[in-house]
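Please read the points below alongside the structure shown here.

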Amino acid sequence: MRDLNYQLKQLCHRNRDGSFATQADRERLLNLCANDLAERGFQHMSVDSLKPKHVAALLDKWKQDGVSTGTIKNRMSALRWWAEKIGKENIIARTNGEYGIAERVFVTNVSKAKVLDADTLARVNDPYTRMSLQLQAAFGLRREESIKIKPGWADGGSVLRLQDSWTKGGKYREVPIATMQQRAMLEAAKALVGKGSLIPAQLRYRDQLNRFRAQCDKAGIHGVHGLRHEYAQRRYAELTGRPSPASGGPTSRQLDASQKLVDHAARLKISAEMGHGREQVTSIYLGR
């Protein structure tokens, strides 16, 4: 391991800001930054030697590699955290716009949904990771929820119950068990873990999260959030009888008054099922 990679790892372990998932993501992103800096010729850096030229070199590489705007913004957040922890906040501009990083466009009416096909799933060797992915697809769960879930407790008959300790923001919620496929998936999860969670008994959440990431990388599964997009679009079609705008259905402007009422009610329901408190958020998944 290069000195910089090791020192960044130690920096992360000394400063445990945020949730376990946030900490793990930050450590992974900073490790990537260290590797990219080495590839750009900065071979003998230490954690305290970060300078504007290093930020510029990373941005140049990422833009040349065609990295998406959202991903660059996530990496810039990690860089700002690094700069803050070594007392060099001023070496990185406060806004991404100063680097020519465009604002994200959330409502594009272009689907970001991903389908978990059998061939891809077969490349996942860990049965716990495989089941977490299937529950994400079936119920629109977030990654953390799909790992921490205790299927036996979650089975509420007609609903999937999600404890506040599993969810983002710590808010209990319920997701309808509306199809035979969902019921079959939940029964398979219960058969796998009994009364336990989808974290093996000998592991902690962080350990299983790292295994989940490694398994997905090995199987070529990227952007698992797309499974939530697919769930939202599937539910919209079930509730309204038509595809969402992101799936090629009519846009809001093309709906008549009665259809707009149905559209709004469906969006509110989907927002609640996915753990959001605002109807507007559904535009990210469904388009507008």
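The following points concern a predicted model and are grouped by topic. A search of the whole structure finds 26 salt bridges, and the largest nonpolar core has 27 residues. The second largest pocket has a volume of about 330 Å³.

**Second largest pocket**

- The lining of the second largest pocket comprises 20 residues, and those nearest its centre are Gln 134, Ala 137, Ala 138, Gln 181 and Arg 234.
- At least two lining residues come from each of helix H6 (127-139), helix H9 (180-193) and helix H11 (226-240).
- H11 provides the largest share of the lining of this pocket, namely six residues.
- By residue class, the lining of the second largest pocket consists of 10 nonpolar, four polar and six charged residues.

- Lys 85 and Asp 17 form a salt bridge through their side chains, with an N to O distance of 2.9 Å.
- Because Lys 85 belongs to helix H4 (residues 69-85) and Asp 17 to the loop between helix H1 (3-14) and helix H2 (20-39), this pair ties together parts that are 68 residues apart in sequence.
- Lys 85 is partly exposed, at 27% relative accessibility, and Asp 17 is likewise partly exposed, with a relative accessible area of 29%.
- A salt bridge also joins the side chains of Arg 211 and Asp 126, at 3.5 Å from N to O.
- Arg 211 is part of helix H10 (residues 205-219), while Asp 126 sits in the loop between helix H5 (118-122) and H6, so the pair ties together parts that are 85 residues apart in sequence.

- Salt bridges that share partners link Asp 25, Arg 28, Arg 143 and Arg 213 in one network.
- Within this group, Asp 25 and Arg 28 form a salt bridge whose closest N and O atoms are 3.5 Å apart.
- Both Asp 25 and Arg 28 are located in helix H2, where three residues, about one turn of the helix, separate their positions.
- Asp 25 is partly exposed at 22% relative accessibility, and Arg 28 is partly exposed with a relative accessible area of 43%.

**Nonpolar cores**

- In the largest nonpolar core, of 27 residues, those with the most contacts inside it are Leu 8, Trp 62, Met 76, Leu 79 and Trp 82.
- Two or more residues of this core come from each of H1, H2, helix H3 (52-64) and H4.
- H4 gives the largest share of this core, seven residues.
- Leu 8 is in contact with Leu 30, Ala 34, Val 47 and Trp 82, leaving aside neighbours within four places in sequence.
- Another core lies apart from this one and has 26 residues, including Val 175, Leu 186, Val 193 and Val 281.

**Individual residues**

- Ser 146 is placed in helix H7 (residues 143-148), and at 0% relative accessibility Ser 146 counts as buried.
- The contacts of Ser 146, apart from neighbours within four places in sequence, are Ser 132, Gln 136, Leu 141 and Leu 198.
- Arg 242 occupies the loop between H11 and helix H12 (257-273). Arg 242 counts as buried because its relative accessibility is 13%, which is under the 20% limit for that class.
- Not counting residues up to four places away in sequence, Arg 242 touches Tyr 236, Ala 237, Pro 250, Leu 255, Gln 259 and Asp 263.
- Ser 68 lies in the loop between H3 and H4 and is partly exposed at 41% relative accessibility.
- Ser 68 and Ile 101, which are 33 residues apart in sequence, are 9.9 Å apart in space from C-alpha to C-alpha.

Methods: Residues numbered from 1 in each chain as written. Predicted model: local features only at pLDDT ≥ 70, side-chain atom pairs only at ≥ 80, totals over all residues. Heavy atoms only, no water. 1 Å grid on protein atoms, 1.4 Å probe; cavity = no way out; pocket = protein on both sides within 12 Å on 5 of 7 lines; lining within 4 Å. Points joined across faces, edges and corners; volume = space filled by probe spheres on them. Helix = DSSP H or I, 4+ residues; strand = E, 2+ residues; numbered from the N terminus. Nonpolar A, V, L, I, M, F, W, Y, C, P; charged D, E, K, R; others polar. Salt bridge = Lys/Arg side-chain N within 4 Å of Asp/Glu carboxyl O. Buried < 20%, exposed > 50% of the residue type's maximum accessible area, 1.4 Å probe, protein only. Core = buried A, V, L, I, M, F, W, Y, C linked by side-chain atoms within 4.5 Å. Contact = heavy atoms within 4.5 Å.
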